[in-house]
Amino acid sequence: MTAVSARAIQKVYGGDRAIVALENVSLDIAEGQFVSVLGPSGCGKSTFLRCIAGLEPVTSGSLHVHGRQVDGPPDNLGMVFQRDALLDWRTIEQNIMLPIEFAKKSRPDAVQRMAQLLEMVGLTQFGDRYPSELSGGMRQRAAICRALIDSPSVLLMDEPFGALDALTRDQMNVELQRIWRNIRNTCIFVTHSITESVFLADRVVVLSPRPGRIVEIVDIDLPRPRKLAVRETPEFGAYTRKIRRMFEAMGLIDESP
Amino acid sequence: MKAHSNRRSRNQRWRGRLLSITTFVVLLLLWEAAVVSMHVRPVMLPAPSDILYELWHDTAWYLSNAGYTLLTTMAGFILSVLIGVAVAVLLVSLPWFENAIYPVIVSVNSVPKVAIAPLFVVWLGTGAEPQIAIAFLIAVFAIIVDSAHGFRSIPPDVADLGRVLKGSPVDLFFKIRLPCALPSILAGMKVSISLALVGAIVGEFVASQRGLGYIILSAQGSFDTARAFAALFLLAAMGVMLFSAVESLERRLTHWRHLS
């Protein structure tokens, strides 16, 4: 069963001086798959994610999530934003419960799940703290818990670790993989880091700069669970080299002196 | 750790308060010394001791008049918060409303309220209503402008979150938009509480038989400058009290902003 199905979608912004953000993007994402969408800044990768989330309408083409045409945010969707988007006036627990409150679902079931999620990301001690009392990495972990509290079948992540320092980012990559192996939902992860995309994903979708087109879809055949050290193996190097070549071919990386 | 930092900030606040009280006392002493040594006539400038005596010997009368002014001020202020926030919500959510109404609000605000005050007496009589109306009219603009700014400055990520979670309009408003705008609304309230007091006094100047504004005006008519100053002292104290009340409301409602 396909979770997300895009057929020749195009997204054009603005009237007079129109900007084509996405051009002829066709992609099927199977249920339970982890897909990275990789591309340089401004290539439309976030736009693609926002279209799936129903936050932006596509200009043409068809886009389905779980067999239903997207017109507005689909049900059962979790989203993690680049800057965690935690509500400063709510404690971490209250933030995580927000989707349950909005969906008018029963609290007791969710409280148990929240406890599991908090434990999974190591925030058990911080449930009654406010976001401003937490570090960037802890905040983003809380945001991931919030996205997962209502057991979404599709999890969308828009450069979630882009604002974190390199070490925290590595740590978060390992944790995200562990969380995802527990939950096994469909995950679409937008990033501009080649290493991150290969480390996390079953498939890496490489987008070209504006207008965003799919250059290639690279299947990552590395055994899980992956350790950070996998990044030093020849197999991993082969994938990143292959993708870097694509960017070189697009003129995005130029090493000539 | 949390308790410790709280204690320290409370300590600092008390030290600050002590310092400002000292300043006031020193100023009053200087004033007293100047009036006595330069033989200033009481009609021009009474000594602080005369003013305090005046207050002390007619306390009940002064307090009942101050209470009246406090009541009209609060009524005007509360109205301005309720209506100001509602108008700001409409301005931000309905583009046609903004185009249609905002210029009207700005032009009404440009007219000096003192100039319209006599008209309110014609329309609303000589009771408390014209004073409340003027207090409201002076105070509401700051609330509208600051609240609208608050509702507009909701971070895009947070707005997207609300849409993805598909909250009901009521949930979206009370759980996301209003708390996001709250710091700005409170900033507007801090400005408008002082303006509401000005408005209430203006109203009393124009038509009233009660209130601190009425005392000042009637004292001026009988050259009883000490009485006017006594009312001014009370007015200043009330202004400080109202402003700190809004400040403490702000601290309570946005305590999460002062954690880290």
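In chain B, α6(B) passes α8(B) in a right-handed crossing, where a crossing is right-handed if the near helix is turned clockwise from the far one by less than a right angle, and left-handed if anticlockwise. This is a predicted model, in which local features need pLDDT of at least 70 and side-chain atom pairs count only at pLDDT 80 or more, while totals for chains, interfaces and linings use all residues. Residues are numbered from 1 along each chain as its sequence is written, and chains are lettered from A and ligands numbered from 1 in the order in which they are written. Helices (H or I, at least four residues) and strands (E, at least two) are DSSP runs, numbered from the N terminus.

**Chain B overall**

- The secondary structure of chain B comes to ten helices and zero strands, and its C-alpha atoms fill a box of roughly 75 × 55 × 30 Å along the principal axes.
- The domain assignment, which is automatic or taken from a database, divides chain B into domain 1 (1-39) and domain 2 (45-258).
- The centres of domain 1 and domain 2 of chain B, taken over C-alpha atoms, are separated by 27 Å.
- Five residues of domain 1 of chain B and four residues of domain 2 of chain B take part in the contact, where two residues are in contact if their C-beta atoms, placed from the backbone, lie within 7 Å.
- On the side of domain 1 of chain B that touches domain 2 of chain B there are four nonpolar, no polar and one charged residues; here Ala, Val, Leu, Ile, Met, Phe, Trp, Tyr, Cys and Pro count as nonpolar, Asp, Glu, Lys and Arg as charged, and the others, Gly among them, as polar.

**Helix pairs in chain B**

- Two packed helices are described by the angle between their axes and the distance between the axes.
- The axes of α6 (residues 129-152) and α8 (residues 169-206) of chain B come within 6 Å and cross at roughly 160 degrees; axes are lines fitted to C-alpha atoms, for helices over the stretch in contact, and angles run from 0 to 180 degrees between N-to-C directions.
- α6(B) and α8(B) are therefore roughly antiparallel to each other, given that angles under 35 degrees count as roughly parallel, over 145 as roughly antiparallel, 65 to 115 as roughly perpendicular and the rest as oblique.
- Helix α9 (residues 212-221) of chain B packs against helix α10 (residues 225-253) of chain B at an angle of about 160 degrees, with the axes 8 Å apart, and that makes α9(B) roughly antiparallel to α10(B).
- The crossing in which α9(B) passes α10(B) is left-handed.
- In the contact of these two helices, residues of α9(B) including B:Leu212, B:Ile215 and B:Ile216 meet residues of α10(B) including B:Ala228, B:Ala231 and B:Leu232.
- Nine nonpolar, one polar and one charged residues make up the contact of α9(B) with α10(B).

**Where chain B meets chain A**

- The contact between the chains takes 14 residues from chain B and 18 residues from chain A.
- On the side of chain B that touches chain A, the largest share, six residues, comes from α7(B).
- By class, this side of chain B has seven nonpolar, two polar and five charged residues.

**Sheets of chain A**

- Strands of a sheet pair through backbone hydrogen bonds, either parallel or antiparallel.
- Six strands of chain A form an open sheet with mixed pairing, in the order β6-β7-β8-β3-β9-β10, and two strands pair if DSSP finds at least two bridges between them.
- The edge strands of this sheet, β6 (77-80) and β10 (214-219) of chain A, each pair on one side only.
- Within this sheet, β7 (residues 154-158) and β8 (residues 186-191) of chain A pair in the parallel sense over five bridges, and the bridge partner of A:Leu156 in β8(A) is A:Ile188.
- Helix α1 (residues 45-52) of chain A lies across β3 (34-38), β7, β8 and β9 (203-207) of chain A, and runs at about 150 degrees to β8(A).
- Four strands of chain A form an open sheet with antiparallel pairing, in the order β2-β1-β4-β5.
- In chain A, β1 (residues 2-13) and β2 (residues 19-30) pair in the antiparallel sense over eight bridges, and they form a hairpin with five residues between them, where A:Gly14 in the turn has a positive phi of about 75 degrees.
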